[in-house]
Amino acid sequence: MVSTFPTPNSVNLSQIRLDIRSMQPQLVNWRRQLHQRPELGFQEQITSEFIAQKLQEWGIEHQTGIAKTGIVATISGNRPGPVLAIRADMDALPIQEENDVPYRSLHEGKMHACGHDGHTAIALGTAYYLSQHPEDFSGTVKIIFQPAEEGPGGAKPMIEEGVLSNPEVEAIIGLHLWNNLPVGTVGVRSGSLMAAVELFRCTILGKGGHGAMPHQTVDSVVVSAQIINALQTIIARNVNPLESAVVTVGELHAGKVYNVIADTARMSGTVRYFNPELEGYFGKRIEQLIAGICQSYGASYDLNYWRLYPPVINDAKIAELVRSVATDVVETPVGIVPECQTMASEDMSFFLEAVPGCYFFLGSANSAAGLAYPHHHPRFNFDETALGMGVEIFVRCVEKFCS
Ligand code: NI
């Protein structure tokens, strides 16, 4: 079924909304075509060709092959003015889809389980609308189709290849369809929205032996247990209780047999936090604890630590722009949700480190229609009425910022 754009008050529909509403079947169609052909990070060939072909068809200037599969479209208004960027990610996940829908994934073991197919459709719709209405804005809009958000990250290489210059981008906006919020709502706030993500892998090197003769061994399992407990004290006893942070050990492997003491144990985990001042802290503290515990038990260790994405921090002015526009689009201030922070992470943060901007959540859940599974679930799907709302928010932000 093709969804229709919600029209609470059809008498007062603005022309923009009418125009975007008429695009809704097309937005759904693009999203479903993309949904059927999900591709993993830096392999988005079909997706990239799909986008380039549409831009070509509409006569929109664009550059392909940025950070392998990324694309930047440039659309100018009728008058000179500021440069605003809009960012959409386009990669899928290595998940086998379990939805029974006519547009289910045709690619075995791959699925758009995070909604990036929707982000791409919204960005395409925005590009199309703006190219048809150059009289409605001044300056330039750059639409960035980014690969590999789910990892290893396409934002940083796109910035390194110059997507924010020539012309120089002054501000950037982006959205994530969000099943943690119902369709018809928008999560927007200034300051921190999403957490930094860091990754560690550690091997504990002990000395194996007979399960009944522990005195002849250094038990890597016992050492690991001490380490895992101690790591939680970083949150409980080192980080200011008014700060939000997480340390999770998600993986632990040791031993093969019940009566043999394992000589090595391997663990990996993730760290999340909002405050950029904490950058560098967790890696050091984790190593101190591991080193101290290993030393006291006679074990050694091999630790690797990576800072993957910084926190997503929104600029107050651009967040206010999005908030004011979104209030018009959802037609009620109640639909604006500022309590929308999450410890999940996003490489939109690299763009926001480079230029002021705002990343926001576009509510997309519809429990009554069975469209409320969490992101990255094999049955994830969203309410497609959100697509038109996304286009309308982007278009109105352009018209306000580039007025
Ligand atoms: Ni995502």
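Modeller: Start with a rule: two strands pair if DSSP finds at least two bridges between them. Helices (H or I, at least four residues) and strands (E, at least two) are DSSP runs, numbered from the N terminus.

Colleague: Fine. What kind of model is this?

Modeller: It is a predicted model: local features need pLDDT of at least 70, side-chain atom pairs count only at pLDDT 80 or more, and totals for chains, interfaces and linings use all residues. Residues are numbered from 1 along each chain as its sequence is written, and side-chain values use heavy atoms, with hydrogens and water left out.

Colleague: Now the sheet. In what order do the eight strands come?

Modeller: The order is β1-β2-β4-β3-β5-β16-β6-β15. The sheet is open, and its pairing is mixed.

Colleague: Which are the edge strands?

Modeller: β1 (61-66) and β15 (336-337). Each of these pairs on one side only.

Colleague: And how many bridges join β1 to β2?

Modeller: Four, and the two strands run antiparallel. β2 covers residues 70-76. As an example, His62 has Ala73 in β2 as its bridge partner.

Colleague: What holds strands together in general?

Modeller: Strands of a sheet pair through backbone hydrogen bonds, either parallel or antiparallel.

Colleague: New topic. What domains does the chain have?

Modeller: The assignment gives domain 1 (2-193 + 312-401) and domain 2 (196-309). Such bounds come from an automatic or database domain assignment. The domain centres, taken over C-alpha atoms, are 38 Å apart.

Colleague: How many residues are in contact there?

Modeller: 18 residues of domain 1 are in contact with 11 of domain 2. Contact means heavy atoms within 4.5 Å.

Colleague: How much area do they bury?

Modeller: Buried area is the accessible area (1.4 Å probe) that two parts lose on being put together, summed over both. Between them, domain 1 and domain 2 bury about 880 Å², with 68% of it on carbon and sulfur atoms. Met343, Ser345 and Phe350 supply 56% of the area on the domain 1 side, more than any other three residues.

Colleague: How many residue pairs are in polar contact between the domains?

Modeller: A polar contact is a pair of N or O atoms within 3.5 Å; within protein, one must be able to donate a hydrogen and the other to accept it, and residues adjacent in sequence count only if both atoms are side-chain atoms. Four residue pairs qualify between domain 1 and domain 2, both residues at pLDDT 80 or more. On the domain 1 side, β7 (191-194) and α8 (348-354) are the elements that give two or more residues.

Colleague: How many salt bridges cross the interface?

Modeller: Zero between domain 1 and domain 2. A salt bridge is a side-chain nitrogen of Lys or Arg within 4 Å of a carboxyl oxygen of Asp or Glu. The structure holds 12 of them.

Colleague: What does Arg32 form a salt bridge with?

Modeller: Glu384, with the closest N and O atoms 2.6 Å apart. Arg32 is in helix α1 (residues 15-36), while Glu384 is in the loop between β16 (357-365) and α9 (385-401), 352 residues apart.

Colleague: Last one. Is the peptide bond from Gly151 to Pro152 cis or trans?

Modeller: Cis, with omega near 5°. Pro152 is in the loop between β4 (138-146) and α4 (155-160). The bond from Asn166 to Pro167 is cis too, with omega near -5°.
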